[in-house]
Each structure stands twice: as structure tokens, then as C-alpha cells.
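I opened this notebook to record what I looked up in the structure. The entries follow the order in which I consulted the model.

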Amino acid sequence: FVSMTSGHRADMPDTTSAEERTRIRAAEAEAEAQLFGGEMVHLALPFYEHAYHPSRVDFETVGALLRRYQPDLILSASPRDRHPAHRMSALILQEAVRRYGQEYPEPPLWFYEGPWFLFERDEFNTVVVLEEPHVTLKNQGIQAHASQVGRKRYDLAAEALARFRAITTPESRAAAFGGGEQDFGLAAEVFLRSHD
């Protein structure tokens, strides 16, 4: 699990400094990583502090992380995400993966939906069906970010989107409108997989 930015711009009542908000966001990311049995790496990339303009340090830091962990799969926000921190994180990651691929086998990069970006009907190429325990675990991971869920119910939004995708994707994307009998159960997520 990787936290790419400090997150101190998010509204957090009763906090007085960027450092305090950064500590809170890092602790929340750590709680989420523990929930999934992962490791949280707080990168604090410089672009976040420089009006979302990336630098050599941003690319080198992410590249070093890729070389250290050599991931088999990378999940990322979309480079078209409307949130500037998400979008720039995705663009930095894309470029770091491209550079990493010159030395090592390039891992698949899967772009996901979020509250600031939804795929159009023909933009995604991968559907993952979620069983109820997966939905519950994902919601617990989102809820670990209490400072964010306390101001906006992103957990409810994520669950609603997963249920929406399970209902609409089999008919609209997988089998054409009005056709087919595919059943994606109660929840599904869609991704744009960059390559295999």
C-alpha cells in the first residue's frame, strides 16, 4: 500500500497545521494497510507541495519504490481523474512504470474509478465481481480514513458504485443493451487495464 501525498489539504476540523493533518492521514493509511495485511509507505512526494507540478524527485522516488517491491500488479487512480492530486499521482506513476519497464518486466497497471472519475460505457476493459465479504472489507478500508469519511461518506459512495456496476455492466457493457443473461451478483468493480 502506498500513500503518495501528505493529504494535508483535506478539510479536518479541529486541526491547526499541515503537519498535524499529515500525521492524521498517515495514521489512517497505516490502519488501512494493516487491515489488508500490507505495508504503508508514505512517500510525501514534492509535487503535492508545488501546485501539482512534478519534478525529477517525484519520478525517481516512485521508480525506487517499484525497484524495491517489484510489484506484480499496480492499482491506480485514472490519469483523467478530476482531483488534481489523484490525476498527478497517476501520471507520475505511469511515467515511473514506463521507466521501470526499461529495466524490469513492466507490471500491469489497472486504473480504477473513484468519486472524482467514472468510466464511460466503453472505456473499461476489466470487470471484477465482488462477494459480500470483499465489499465489507473494502468499506472497512475506506472507513479507516475517518477524517475523510467523517466529512463525506466515501464508503457509501464506493458501495453504491459497486452495486450499480454489478447491475448495469452485464447488460450495457458485457452483453449489449437488453441482451444476455450475465449475472455479476451484488457488487462489481470495473478497471481499465493498461496491458498484460
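**Entry 1**

In which loop does Ala 44 lie? I located Ala 44 in the loop between strand E2 (41-42) and H2. I noted that the model is predicted, that local features need pLDDT of at least 70 and side-chain atom pairs pLDDT 80 or more, and that totals for chains, interfaces and linings use all residues. Residues are numbered from 1 along each chain as its sequence is written, and side-chain values use heavy atoms, with hydrogens and water left out. For the elements I used DSSP runs, numbered from the N terminus: helices are H or I runs of at least four residues, and strands are E runs of at least two.

I looked up the backbone of Ala 44 and found a positive phi of about 45°, although Ala 44 is not a glycine. Ala 44 counts as partly exposed because its relative accessibility is 47%; buried means under 20% relative accessible area, exposed over 50%, and partly exposed in between, with a 1.4 Å probe and protein chains only. I then turned to Tyr 52, which sits in the loop between E2 and H2. Its phi is also positive, near 65°, in a residue other than glycine.

**Entry 2. The sheet**

I traced an open sheet of four strands in the order E3-E4-E6-E5, with mixed pairing; two strands pair if DSSP finds at least two bridges between them. At the edges I found strand E3 (74-77) and E5, each pairing on one side only. The twist averages 40° from one strand to the next; axes are lines fitted to C-alpha atoms, for helices over the stretch in contact, and angles run from 0 to 180 degrees between N-to-C directions.

I went through the pairs in turn. E3 and E4 are parallel and share four bridges, and Ser 76 stands opposite Phe 111 in E4. Strand E4 (residues 109-112) runs antiparallel to E6, with three bridges, and here Tyr 112 faces Phe 191 in E6. Strand E5 (residues 126-130) is also antiparallel to E6, joined by five bridges, and Leu 130 is opposite Ala 187 in E6.

Is strand E6 mostly covered or mostly uncovered? I found that strand E6 (residues 187-193) is mostly covered, with five of its seven residues buried.

**Entry 3. H2 and H3**

I examined helix H2 (residues 56-69) and helix H3 (residues 84-100), whose axes come within 9 Å and cross at roughly 55°. The two helices are therefore oblique to each other; angles under 35 degrees count as roughly parallel, over 145 as roughly antiparallel, 65 to 115 as roughly perpendicular and the rest as oblique.

Which residues of H2 meet H3? I listed Asp 58, Phe 59, Val 62, Gly 63, Leu 66 and Arg 67 in H2, which meet Ile 92, Leu 93, Glu 95, Ala 96, Val 97, Arg 99 and Tyr 100 in H3; contact means heavy atoms within 4.5 Å. The residues of this contact divide into eight nonpolar, one polar and four charged. Ala, Val, Leu, Ile, Met, Phe, Trp, Tyr, Cys and Pro count as nonpolar, Asp, Glu, Lys and Arg as charged, and the others, Gly among them, as polar.

I also noted that H3 lies across E3 and E4, running at about 145° to E3.

**Entry 4. Ile 167**

I found Ile 167 in helix H6 (residues 154-174). Ile 167 counts as exposed because its relative accessibility is 63%. Ile 167 and Ala 187 are 20 residues apart in sequence, and their C-alpha atoms are 7.9 Å apart in space.
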